Amino acid sequence: MSQEQTGGGRIITLDRNSPPMMFNAGDGFHYEKLPEGTRVVYPKDPVPPLEDPNAAIERALLEPLGMEPLHELLYPGMKLTIVFDDVSCPLPPMKPPDNRQLVIEKVLEKASAKGVEDINLIAALGLHRRMTEKELRWALGKKIMSGYYPERLYNYDAEDPEGNTVIGHTERGEEIRISRRAAESDLVVYVNINLVTMNGGHKSVHTGISPYSSIRHHHNAETLSNARSLMDPPNSALHGSVNRMGEILEEQVKVFHIETTLNNEAFPGAFDFLSKPEPEWGPITKANFLANHKATQLMPRAAARKVFQSIVAPHAMTSVQAGATDPVHEETMGHLHHQQVVRVEGQSDVLLLGVPYVGPYNVNSIMNPILVHNYVLGYLFNLYKGKPLVREGGVIIATHPVPNEFDDKAHPSYRLFFEEVLAETTDPHEAERRFEKDYIYDPWYRTLYRNAYAYHGWHPFTTWQWGTHALDHLGGVVFVGGDPYTTSRMGYKRADTIREALAMSEDKVGSSPSITYMHIPPLFLAEVV
């Protein structure tokens with residue numbers, strides 16, 4: 001087994017004496033010895049956290065980028081709206097106090113000192129499900145909740161006909177519609193946790209507090225097929241659209257961005273095997289893995305899911321920057337790249353991926369088959385700068401059971417999409433053209449989105465479309481351990497082992513393919529050179 005350091009990351013080439021590799025497989029694990037010559041790419045070690053996050057926040061607000069200090073923008077009688085990222089990040093949820101709590105407490109402190117009374121706080125859902133009171137309390141803390149919830153702290157509602165207003169249109173006809181409360185405010189403060197390079201910047205407002213009539217311009221099959229990669233904004237058509245919207249929005253609405261980043265310390269000690277390279281496993285780490293592996297094999301999937309969903313991450317803040325959108329986000333991207341970018345030499349014929357138990361759309365819920373598709377082909381495939389880890393026409397082999405399970409409370413339209421739409425077509429463009437409007441305007445789905453804790457009826461379309469670029473690029477996808485029915489319905493193959501999946505892929509990659517295992521979590525960004 002040979003090892004090299006590259007751009008701060010770690011790359012191991014396996015030989016015949018190398019240990020088996022651990023793969024995430026949803027609410028369980030896959031453990032298999034890989035072929036000799038397989039390249040295993042690990043993330044960087046965690047970046048040291050800020051010594052004093054509160055002092056760093058104070059400094060960012062006093063010395064913002066491209067704008068006046070926050071306290072100079074605040075005055076009595078003004079209308080202030082604070083918008084913050086929803087439950088989809090960070091993953092796993094971080095140990096309190098959350099970055100959002102620390103930042104918003106400081107903003108409210110300054111607003112109080114300036115005599116500002118008209119303050120609303122909005123969870124930026126876009127078309128995601130509403131946050132529960134418990135989730136809001138976890139993210140914001142007791143003090144903020146007791147002072148503002150529920151009258152002045154609430155979830156964004158994309159379906160409120162009076163609650164959203166048009167700001168204008170781009171030169172390409174893209175409608176810019178956002179929360180009326182935000183649009184009519186003297187100042188909007190947007191508070192981010194930037195877990196991945198796709199998020200933040202202009203994307204925050206134009207997905208977080210925008211309805212379908214705006215989101216449709218950048219979340220559609222055509223745009224997403226030209227997002228190369230979603231995690232590399234300069235090469236993403238999605239980001240091109242939200243940037244055009246942002247330029248017009250900020251001519252009329254003053255937005256003060258506060259973006260924070262985290263290190264990749266994603267798991268507590270009992271689950272350290274999830275982020276520690278296998279050759280470094282000592283007796284305790286190996287025992288922890290074997291105990292968890294055996295337990296998740298024996299217990300019902302729902303019980304295993306509950307165990308995993310209870311994990312709280314020891315993430316720590318690594319940066320905070322405030323001020324105008326573009327200079328703030330440029331600084332944020334620098335910090336994200338410092339933690340996440342790993343340089344890798346050359347593409348491979350086959351990319352191996354373990355699929356974690358939680359993604360942005362199944363927090364405290366089930367990762368149904370469409371969300372598995374979204375995670376593998378939308379998120380994990382796109383974790384690159386420049387070009388993918390897998391060559392054009394290559395194969396992705398992912399470990400996940402892809403169970404035929406749906407959470408009808410959180411994802412009410414997903415089951416029907418799976419049974420109705422995918423039975424007719426797996427092509428994202430055709431699905432959008434033939435079926436999308438029925439789901440967008442369905443009154444029951446709209447009611448559930450507004451009054452329960454349900455994703456919008458349209459949501460399965462965008463999570464399916466998220467894989468458009470990958471589907472255009474790849475020659476095949478195989479799920480190890482995948483359910484025969486669900487994988488077939490989505491147009492994929494399944495196998496019992498990785499070696500079996502490799503044999504099934506010989507028609508695409510030959511009998512001696514180059515293989516790369518992207519060993520996640522924690523998440524990292526591959527820069528292929």
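A residue is termed buried when its relative accessible area is under 20%. By that criterion, eleven of the 15 residues of helix α3 are buried, so this helix is largely enclosed by the rest of the structure. The model is predicted, and the protein chain has an average pLDDT of 96, with 98% of the residues scoring at least 70.

**Helix α3 and its ends**

- Helix α3 covers residues 99-113 and spans 22 Å between its first and last C-alpha atoms, close to the expected 21 Å.
- At the start of the helix, a side-chain oxygen of Asp-98 comes within 2.7 Å of the backbone nitrogen of Arg-100.
- Just after the helix, Gly-115 adopts a positive phi of about 75°.

- The bond from Leu-91 to Pro-92 is cis, with omega near -15°, and Pro-92 belongs to the loop between β6 and α3.
- Pro-96 and Pro-97 are also joined by a cis peptide bond, with omega about 0°; Pro-97 is placed in the loop between β6 and α3.

**Nonpolar cores**

- The largest nonpolar core comprises 85 residues, and Val-376, Ile-396 and Met-518 have the most contacts inside it.
- Helix α13 (residues 369-380) supplies the largest share of this core, namely eight residues.
- Apart from this core lies another, of 61 residues, which includes Phe-29, Cys-89, Leu-195 and Ala-322.
- Beyond its neighbours up to four places away in sequence, Val-376 touches Leu-353, Val-355, Phe-381, Ile-396, Ala-398 and Phe-479.
- In soluble globular proteins, nonpolar side chains tend to be buried together.

- Strands β3 (residues 21-24) and β4 (residues 29-32) pair in the antiparallel sense over four bridges.
- Met-22 stands opposite Tyr-31 of β4.
- Four residues separate the two strands of the hairpin, where Gly-26 has a positive phi near 70°.

- Asn-364 has a positive phi near 60° and is situated in the loop between β15 (348-354) and α13.
- With a relative accessibility of 47%, Asn-364 counts as partly exposed.
- Val-402 likewise has a positive phi, of about 45°, although it is not a glycine; its place is the loop between β17 (390-399) and α14 (414-424).
- The relative accessible area of Val-402 is 0%, so this residue is buried.

**Surroundings of Thr-487**

- Thr-487 is part of helix α19 (residues 484-489) and is buried, at a relative accessible area of 1%.
- Leaving out residues up to four places away in sequence, Thr-487 touches Val-402, Phe-479, Gly-482, Tyr-492, Lys-493 and Arg-494.

**Surroundings of Arg-152**

- Arg-152 occupies the loop between α4 (133-148) and β8 (153-155) and is partly exposed, with a relative accessible area of 30%.
- Although Arg-152 and Asn-120 are 32 residues apart along the chain, their C-alpha atoms are separated by 4.8 Å.
- Sequence neighbours within four places aside, the contacts of Arg-152 are Glu-117, Ile-119, Asn-120, Leu-121 and Gly-147.
- A polar side-chain atom of Arg-152 lies 3.2 Å from the backbone oxygen of Glu-117.

Terms used: Residues are numbered from 1 along each chain as its sequence is written. This is a predicted model: local features need pLDDT of at least 70, side-chain atom pairs count only at pLDDT 80 or more; totals for chains, interfaces and linings use all residues. Side-chain values use heavy atoms; hydrogens and water are left out. A nonpolar core is a set of buried Ala, Val, Leu, Ile, Met, Phe, Trp, Tyr and Cys residues joined through side-chain atoms within 4.5 Å. Buried means under 20% relative accessible area, exposed over 50%, partly exposed in between (1.4 Å probe, protein chains only). Contact means heavy atoms within 4.5 Å. The expected span of a helix is 1.5 Å times one less than its number of residues. A polar contact is a pair of N or O atoms within 3.5 Å; within protein, one must be able to donate a hydrogen and the other to accept it, and residues adjacent in sequence count only if both atoms are side-chain atoms. Two strands pair if DSSP finds at least two bridges between them. pLDDT is the predictor's confidence in each residue, from 0 to 100.
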